Every structure is written in structure tokens, then in C-alpha cells.
Amino acid sequence: MASEAMTERIKMALASHERPTVTVLSSLFAVHDALGHLPQEAIEEVAAFNNVTINDVWGVASFYTNFRFTPAPDHTVEVCWGPTCHIKGSTAIMSGCMEVLGLDGEGDTDNGKVSLKYNTCLGACSRAPVVSIDHRLRGGITPEDMKERVSGLMTDTDGTHA
Ligand code: FES
């Protein structure tokens, strides 16, 4: 995306966010919601918008691990790492995911297709083990089923396979 177009999208996100109190954090959320990540231009625009320094904005943005600073991959896979899912086999599910994705832990695949994350609890413990694929929960999943689904995401050509 051209930098000018990116800056315009950031300004629109900042101008349209509806939080009652505008802060650096609410501004960062507005841009992150709109773009899916925080490019360098976002840090600069949020600083200008809130009349603070770029360092002030980095201080907030870098504190929150949920903010991305690079574009998100096509798909997001979260494996629940909570106690119930652990007892029900999340270790084998995570290992299978890492094997298929060629990762050693959380992270993005080299082809930019999949982002793999741990989640402390996906809030559906009675369905353990639970995963989230592109923000859709799937409970009672087996390691074999998960490997098959994740393989599908890696070869997906239209960004919709889940
Ligand atoms: S521990 Fe996995 S959903 Fe709660």
C-alpha cells in the first residue's frame, strides 16, 4: 500500500473512533482495528493526533503484546493453553501445529499464511481441547484433525479456507 494511502486510512480511523475518552491507547486500538496492525505511520499519526511524542506512543504500543507491527497473515490459529485444555491434550495439538507450520512456537509462517498463538483460555473449557481458527472456536478437536485443518490453511489460495 502506498504510504499516502496508508496515512489517509490511519487519519480516517483516528477521526472516526467513538470512544468517549480519546487517549493514546484508544487511538492505537482504532488504527489497529482498521488496519490489523500498526505501521510506522500510525505511530507518527497517533502522536500528532494526541499531541504527544513518538516515544510516548511507542511506550504504550510496545507494552501491549496484542498489537502487531507488521501486516497480519491470512489466517490466525490460537491453541488454548489453559489448564483444562492442557489436561485434555493441547500439548499434542500445539506440537502438531508447529510441525505442520514449521515453527518452534508462536509466530508467523514464512509464507505469510498463518499466525500461530497460544491463548490462556478461550472461554469454552467444557469443550476442551479448544482452538480458534480465524476467530471461530472449535472444541473437542484431535491433533490429527488440527494438523489437517492447519495444512489446509497453508495451501489455501483464496484466504477463506478454515
Ligand atoms: S482452558 Fe481451554 S477453553 Fe478454557
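Strand β1 (residues 75-80) is joined to strand β4 (residues 130-133) by three bridges in an antiparallel arrangement. Here strands (E, at least two residues) and helices (H or I, at least four residues) are DSSP runs numbered from the N terminus, and two strands pair if DSSP finds at least two bridges between them. The model is predicted: local features require pLDDT of at least 70 and side-chain atom pairs count only at pLDDT 80 or more, whereas totals for chains, interfaces and linings use all residues. Residues are numbered from 1 along each chain as its sequence is written.

Two residues separate the strands of the β4-β5 hairpin, in which D134 adopts a positive phi near 50 degrees.

The largest nonpolar core contains 20 residues, among which V77, V79, I93, C97, V131 and V150 touch the most other members. Such a core is a set of buried Ala, Val, Leu, Ile, Met, Phe, Trp, Tyr and Cys residues joined through C-beta atoms within 7 Å; a residue is buried if 20 or more other C-beta atoms lie within 10 Å of its own, with C-beta atoms placed from the backbone. Two or more residues each are given to this core by β1, α6 (90-101), β3 (114-119), β4 and α7 (143-155), and α6 supplies the largest share, five residues.

Excluding residues up to four places away in sequence, C97 touches V77, V79, L116, M146 and V150, contact being defined by C-beta atoms, placed from the backbone, within 7 Å. A second, separate core comprises twelve residues, including I10, A42, V46 and V57.

How values were computed: Contact = placed C-beta atoms within 7 Å.
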